[in-house]
Amino acid sequence: VLSAEKNERLTQVGPGTPMGNLLRRYWWPILPARDLGNTPVQRRLLGEDWVLFRDGQDRIGILEAHCPHRRAALELGFCEQTGLRCGYHGWMYDVDGQCIDQPGEPEKSTFKHRIRARAGKLQEMGGLLFAYVGPEPAPLLPRYDLFVWDDVWRDIGHAVVPCNFLQIMENSVDPYHVEWLHGRYGSFLKEQAGEAPLEMLAKKHVKVAFDVFEHGILKRRILEGQTEEDEDWAVGHPLVFPHMLRIGGGGLSFFQIRVPIDDTHTWHVWYQTYKPADRAVPQQADADIPVYEVPLYDEDGEFIRDYVDGQDVMAWVTQGPVADRTTEHLGKSDLGVIALRRLYQEQIARVDAGEDPICVYRDPAANECIDLPQEQEKFGGGTEFRHEFLHGGQTRYSPMLRAVEELFGDAAPAPVAA
Amino acid sequence: MNGTATVRCCPQCGLALDGPRGFIQEYWEASHRHFLCWCPACDLTTTVTLAERIESHEVEE
């Protein structure tokens, strides 16, 4: 049970809220980079609307969504050589938000010098655009390993999930759900469809642990038949504070990134890298990174539940737009969830005290490449994990799935029995 | 008694934890009620268990 006040404190992300203040200390993915051409794009982040644009000199910016003049939507403006021009009266703003042209004002007016649109910061990394909309001075954009490795293939799946970000993050420190939601329930659905049940994901958890560390919370697990020598325990994998899960195995490594759009919607990004241990990877330019939408519902409006991420989405969304934690009943298997809530509360207090929370980087030397721990022999067998996950996870929607299998030297999967 | 009891203060420094800055999360283990607490003043993380009875020797697991 959590009090209603504490539930609001941990789930409300808008400006001026405790969690909103914390989350505004971080950079957030906001758009696949290839989706920002010479047309402005409106996006919602942390309960506020923003417009992204790329000027004629390839500079990128993020401004408040409405023109400071008469509040028309800047999304309906157009990009020029030095900035974004509002479609209503032609006022133009540079990437810092400074108004640089007011065509209707007297020629010698200095009015424009006193007009500035609220601006965040926008940077490109690994095929994504990242936004910072918090207080100055902005920290460095963290160069987590998967975003900056130069010898991998990548693809990016994404979806808007209609629920609060916290219940999605809590799923990432809930190891037991794997053997039930994906193992048992997933196998039940597969058996109904005449397919073979899942094996790796159904393994029983014998022991789990959660270590709060510099990157967030490191998860460890021992499955039936394993010991503390196995990588699932000895290495583990992290929840990267405040918004990512790092997971993978067998050369597949990915982030699940949870971007709060507002209190009841989350932009979920699945950011994959593919890196075989035994062969070189042909060069892939950032501009060639495939981006695909992950469908949540079938043609009847039902959750697509026959794969891992669809089952997760079903569990997250059916908790409600914002899970009512005043009526929950937590047990000992929920200690990871409790540890995460405590960590958010602790970091909110740090921000209140004027300090940087964890995972805020200001030293360039510490930000060249932030290496994160992650087991490769996942669930006791990395290759088997990769096989099961590529088709049993949302990567089944990737337009380069077959190319990835060929990259690893995997055989094409056998046709599924009707 | 224990069915309605709760934890309100830090066991180490006595700060009230049931306000916005403290953290108390209740969870259960069999009939035992546990409260994981974190204190923003002294940074103590601890678990308080409300005991239904004082037990001596326990059965080996």
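Colleague: Is Phe130(A) buried or exposed?

Modeller: Burial is read from relative accessible area: under 20% is buried, over 50% exposed, and in between partly exposed, using a 1.4 Å probe and protein chains only. Phe130(A) has 4%, so Phe130(A) is buried. This is a predicted model, in which local features need pLDDT of at least 70 and side-chain atom pairs count only at pLDDT 80 or more, while totals for chains, interfaces and linings use all residues. Residues are numbered from 1 along each chain as its sequence is written, chains are lettered from A and ligands numbered from 1 in the order in which they are written, and side-chain values use heavy atoms, leaving out hydrogens and water.

Colleague: How many aromatic pairs does the structure hold?

Modeller: Rings of Phe, Tyr and Trp (its six-membered ring) pair if their centres lie within 6.5 Å; planes under 30 degrees apart are stacked, over 60 edge-to-face, and the rest tilted. Over all chains there are 16 such pairs.

Colleague: Which residues do ring pairs link into a cluster?

Modeller: The cluster consists of Phe130(A), Tyr144(A), Phe147(A), Phe255(A), Tyr271(A) and Tyr361(A).

Colleague: What does Gly61(A) touch?

Modeller: Contact means heavy atoms within 4.5 Å. Leaving aside residues up to four places away in sequence, Gly61(A) touches Val51(A), Leu52(A), Phe53(A), Val95(A) and Leu122(A). Gly61(A) is part of strand 4 (residues 60-64) of chain A and is buried, at 2% relative accessibility.

Colleague: How many residues of chain A are in contact with chain B?

Modeller: On chain A there are 16, facing 15 residues of chain B. The size of an interface is often given as the accessible area lost when the parts come together. Here that is about 1,400 Å², 62% of it on carbon and sulfur atoms, where buried area is the loss summed over both parts (1.4 Å probe).

Colleague: How many salt bridges does the rule find across the interface of chain A and chain B?

Modeller: The rule asks for a side-chain nitrogen of Lys or Arg within 4 Å of a carboxyl oxygen of Asp or Glu. One is found across this interface: Lys332(A) with Glu29(B), the closest N and O atoms lying 3.3 Å apart.

Colleague: Which elements of chain A give two or more residues to the side that touches chain B?

Modeller: Helix 1 (4-11) and helix 8 (335-352) of chain A do. Helix 8 of chain A gives the largest share, seven residues. By type, the side of chain A that touches chain B has six nonpolar residues, three polar and seven charged; Ala, Val, Leu, Ile, Met, Phe, Trp, Tyr, Cys and Pro count as nonpolar, Asp, Glu, Lys and Arg as charged, and the others, Gly among them, as polar.

Terms used
Buried area is the accessible area (1.4 Å probe) that two parts lose on being put together, summed over both. Helices (H or I, at least four residues) and strands (E, at least two) are DSSP runs, numbered from the N terminus.
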